[in-house]
Amino acid sequence: MADQIKSLDELNAVAGGDAAVLADIAEPREPVRDELGRSYATGKRKDAVARVWIKPGSGKVTVNGKDQSAYFARPVLQMILRQPFEIAGVEDQFDVMATVKGGGLSGQAGAVKHGISKALQLYDPALRSSLKAAGFLTRDSRVVERKKYGKRKARRSFQFSKR
């Protein structure tokens with residue numbers, strides 16, 4: 001026990017006291033997979049919530065029962081879904097099944113991207129560093145501002161009339 005404490009103290013000195021770095025060095029992460037070999041994660045963006053399952057496969061992406069090109073018709077939204085795989089270097093190695101609710105198409109694409117990133121990191125913890133460096137594991141907290149009383153919108157005032 002004493003030699004373990006000594007090694008943790010050495011790790012703490014090397015990590016400069018950073019608890020997150022110390023936890024990553026001291027305890028390697030385990031893959032999280034269900035009995036069917038899938039990893040599950042929830043992604044969020046604006047008002048959209050995506051439930052995402054990934055499993056090894058040919059790169060087929062299904063969103064709400066439709067192919068990604070049918071659900072997200074704009075090429076920009078399809079590019080957003082491909083980003084986590086490109087950053088991690090695992091293009092066409094995983095099949096994705098996602099269900100999305102709420103928000104618009106742009107928010108839904110961002111939610112699926114967030115869910116894919118989290119699921120990839122759970123499936124293979126070695127991919128975490130590249131996904132985290134790209135900022136894909138952080139939930140984008142920007143949401144629509146609420147309407148204030150006495151205002152036409154959140155900040156827009158009614159038109160002022162001098163007479």
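How many helices and strands are there in the protein chain? There are 6 helices and 5 strands, taken as DSSP runs (H or I of at least four residues for helices, E of at least two for strands) and numbered from the N terminus. This is a predicted model, in which local features need pLDDT of at least 70 and side-chain atom pairs count only at pLDDT 80 or more, while totals for chains, interfaces and linings use all residues. Residues are numbered from 1 along each chain as its sequence is written, and side-chain values rest on heavy atoms, with hydrogens and water left out.

Along the sequence, the elements come in the order α-α-β-β-β-β-α-α-β-α-α. Of the 163 residues in the chain, 32% are buried, where buried means under 20% relative accessible area, exposed over 50% and partly exposed in between (1.4 Å probe, protein chains only). Among contacts (heavy atoms within 4.5 Å) with a separation of 6 or more, 65% are between residues 24 or more positions apart.

On to the strands. Strand 1 (residues 39-45) and strand 2 (residues 48-56) run antiparallel and are joined by 7 bridges; two strands pair if DSSP finds at least two bridges between them. Lys-44 has Val-49 of strand 2 as its bridge partner. The hairpin made by these strands has 2 residues between them, and Lys-46 takes a positive phi near 50° there. Strand 2 also runs antiparallel to strand 5, this time with 8 bridges, and Ala-50 stands opposite Val-100 of strand 5.

Next, helix 4. With 14 residues (75-88), helix 4 should span 20 Å at 1.5 Å a residue, and its end C-alpha atoms, 21 Å apart, agree with that; the expected span is 1.5 Å times one less than the number of residues. Pro-84 is itself buried, as are Leu-77, Gln-78, Ile-80, Leu-81, Phe-85 and Ala-88. The buried residues of helix 4 pack against strand 3 (61-63), helix 3 (68-71), strand 5 (94-101), helix 5 and helix 6 (128-133). Just past the end of helix 4, Gly-89 has a positive phi of about 75°.

Helix 5 (residues 105-123) has 19 residues and reaches 26 Å from first C-alpha to last, close to the expected 27 Å. Helix 5 is mostly covered, with 15 of its 19 residues buried.

As for the rings, the structure holds 3 aromatic pairs, counted when the centres of Phe, Tyr or Trp rings (the six-membered one for Trp) lie within 6.5 Å, with planes under 30 degrees apart called stacked, over 60 edge-to-face and the rest tilted. One of them is the edge-to-face pair of Tyr-71 and Phe-72, 5.0 Å centre to centre with 85° between the planes. Tyr-71 counts as buried because its relative accessibility is 18%, and Phe-72 does so at 0%. Phe-94 and Tyr-123 also pair edge-to-face, because their ring centres are 5.0 Å apart and their planes at 80°. This pair links distant parts of the chain, strand 5 for Phe-94 and helix 5 for Tyr-123, 29 residues apart. Both Phe-94 and Tyr-123 are buried. The charged end of Arg-33 sits over the ring of Tyr-123, 3.9 Å from its centre, the rule being NZ of Lys or CZ of Arg within 6 Å of the ring centre and within 35 degrees of the ring normal.
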